[in-house]
Amino acid sequence: MALNIFNTLTRKKEEFKPINPKEVGMYTCGPTVYNYAHIGNWRAYVFADLLKRFLIYSGYTVQHVMNITDVEDKIIREVKAQNKSLKELTEFYTGEFFKGRDALNILPANIYTKATDYIDEMVKLIKKLEDAGYAYRTDDGSVYFNIHKDVDYGKLSHFKLSDLKENAEGRLKKDEYEKENAQDFALWKGLTEDDGEVFWETDLGKGRPGWHIECSAMSMKNLGESFDIHTGGVDNIFPHHENEIAQSECATGKSFVKYFMHNEHLLVNGIKMAKSAGNFYTLEDLIKKGVDPIAFRLWLYTSNYSTKTNFTIETVMGSQTALARLKESVIALGNDTGTVSTEYKARFMEYLDNNLDSPQALALVWELLKDNSIPNADKKATILDFDKVFGFDLDKTKEEGTIPEEIKQLAKERETSRQEKNWAKSDELRKKINSLGYEIKDTETGFKIQGYKKPSTYILC
Ligand code: AMP
Ligand code: ZN
């Protein structure tokens, strides 16, 4: 079976056929770096990572680009509120984003693009749209996209402009709004007093880009004018992705993206998790409650990316237990790694080929563990093979026997400090053990040492 994915453009499950048969171009709308990402945001990035890992597993080479939105309305508001420079604020939260990415074992993108490094490309694109008659200037030095000039406007969100005629007159300088409020949107925002130091002096005058043009410029610069997959959360469908399509296709005359894929929302008590709603948790909040970020990753797989899912700490705790059981089972399978079961691999691929059916793929692991007809070494090989897609880092799960003496000694010292209730010392020793790539788990029967992956470094370009 070939990979079938739900394409928001057609509202259908379609067979995936990349433009270039072996290499996939993929763009993910990345974080707006004015605050910590919440775990709803992380659902979007884990979904993109699952998709990318499965494409690689299926034999494709993936060129993955993710943007870092480091200039936008909310950022400017925060720069003012915190009396910081744009660079200071955004670099801090970019660093925090990468820490979260590593804690969740998300594969780094091939390229991270900062919006502020692409102002020239954005200006060029806007001028092209102006020259072609799709954009117009206003007295305040802004440039707007005329949605009435684009016959295809609404094709992603599935509406006709004529149905929204009453609202579709006028202009919006805001970057976020509902589709009922579809109006001409800002490509370039002329300098206002509120922008403070955040502006660029360009051929378009003094000002800053609109949010939507940022992603069009960065994606096309790195993946070409037409590419395969664009991902984001469903709230990105309108206006962000609708506007990205409008700008890009009107500027190039070509089809922008073949497959748009959107993850559904993470909810809390039935309401979308959002910073503005104040109902959000960060990864740090989960860690403080004793949840391993990888257990959260496993929990995300228990529902399909395309369905809404309700967050509760109890269910995530259930996944924490499941992850511990899985790691213990892998250790119990022994040191030998045999051959991957073709039967189980075929089923694993069949599930994921079906629009990334992660709940079924996950259930298969438990079925395999219980299957007495498969030798332990083959079970281990098969699970480690599946883990290339799951990303639980199970191959880093080491038996105590393979743990260096130095680590064992430090762990013993820590246990002694704990018994003496010297919490400061035991904490210090735990940190030292962590810095050497190992972690201690306290269980009812004593402590356990496990190897874990050290955070990797990151590159911005
Ligand atoms: P933002 O930083 O607000 O641009 O959001 C980053 C990504 O998270 C985007 O792809 C959003 O669509 C996605 N997102 C935001 N809130 C949620 C949520 N509650 N559940 C799932 N994805 C979300
Ligand atoms: Zn974007």
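What spacing do the donors of the zinc ion (ligand 2) follow along the chain? They follow C-x185-C-x24-H. Keep in mind that this is a predicted model.

**The zinc site**

Three residues hold the zinc ion (ligand 2): C29 through SG, C215 through SG and H240 through NE2, at 2.1 Å. Look at where two of these donors sit. C29 is in the loop between strand 3 (23-28) and helix 1, while H240 belongs to helix 6 (residues 237-252), so the pair ties together parts of the chain that are 211 residues apart in sequence.

Helix 6 has another thing to look at: P239 is found in it, and the peptide bond leading from F238 to P239 is cis, with omega near 0°. For context, most peptide bonds are trans, and most residues other than glycine have a negative phi. On the phi side, N355 is worth a look too, with a positive value of about 50° although it isn't a glycine. You'll find N355 in the loop between helix 10 (342-353) and helix 11 (358-370).

**How the domains meet**

The protein chain splits into domain 1 (22-263), domain 2 (292-396) and domain 3 (405-451). The centres of domain 1 and domain 2, taken over C-alpha atoms, are 34 Å apart. Where the two touch, 19 residues of domain 1 are in contact with 29 residues of domain 2. Between them they bury about 2,000 Å², and carbon and sulfur atoms account for 69% of that. On the domain 1 side, R43, L50 and Y57 supply 37% of the area buried against domain 2, more than any other three residues.

What about polar links across this interface? There are 9 residue pairs in polar contact, both partners being at pLDDT 80 or more. Which elements give two or more residues to the side of domain 1 that touches domain 2? Those are helix 1 (39-57) and strand 13 (257-263). Helix 1 gives the most, with 11 residues. Sorted by class, that side of domain 1 has 12 nonpolar, 4 polar and 3 charged residues.

**Salt bridges**

The count for the model comes to 26 salt bridges, and 1 salt bridge crosses the interface of domain 1 and domain 2. Here are two from the model:

| Salt bridge | Closest N and O atoms |
|---|---|
| D49 with R297 | 2.7 Å |
| D194 with K80 | 3.4 Å |

The pair of D194 and K80 links distant parts of the chain, 114 residues apart. D194 is in the loop between strand 9 (184-190) and strand 10 (200-202), and K80 is in helix 2 (residues 73-82).

How values were computed. Residues numbered from 1 in each chain as written. Chains lettered and ligands numbered in written order. Predicted model: local features only at pLDDT ≥ 70, side-chain atom pairs only at ≥ 80, totals over all residues. Heavy atoms only, no water. Domains from an automatic or database assignment. Contact = heavy atoms within 4.5 Å. Buried area = accessible area lost by both parts, 1.4 Å probe. Salt bridge = Lys/Arg side-chain N within 4 Å of Asp/Glu carboxyl O. Polar contact = N/O pair within 3.5 Å; in protein donor to acceptor, adjacent residues only side chain to side chain. Helix = DSSP H or I, 4+ residues; strand = E, 2+ residues; numbered from the N terminus. Nonpolar A, V, L, I, M, F, W, Y, C, P; charged D, E, K, R; others polar. Donors = N, O, S within 2.8 Å, 3.2 Å for Na, K, Ca; no water.
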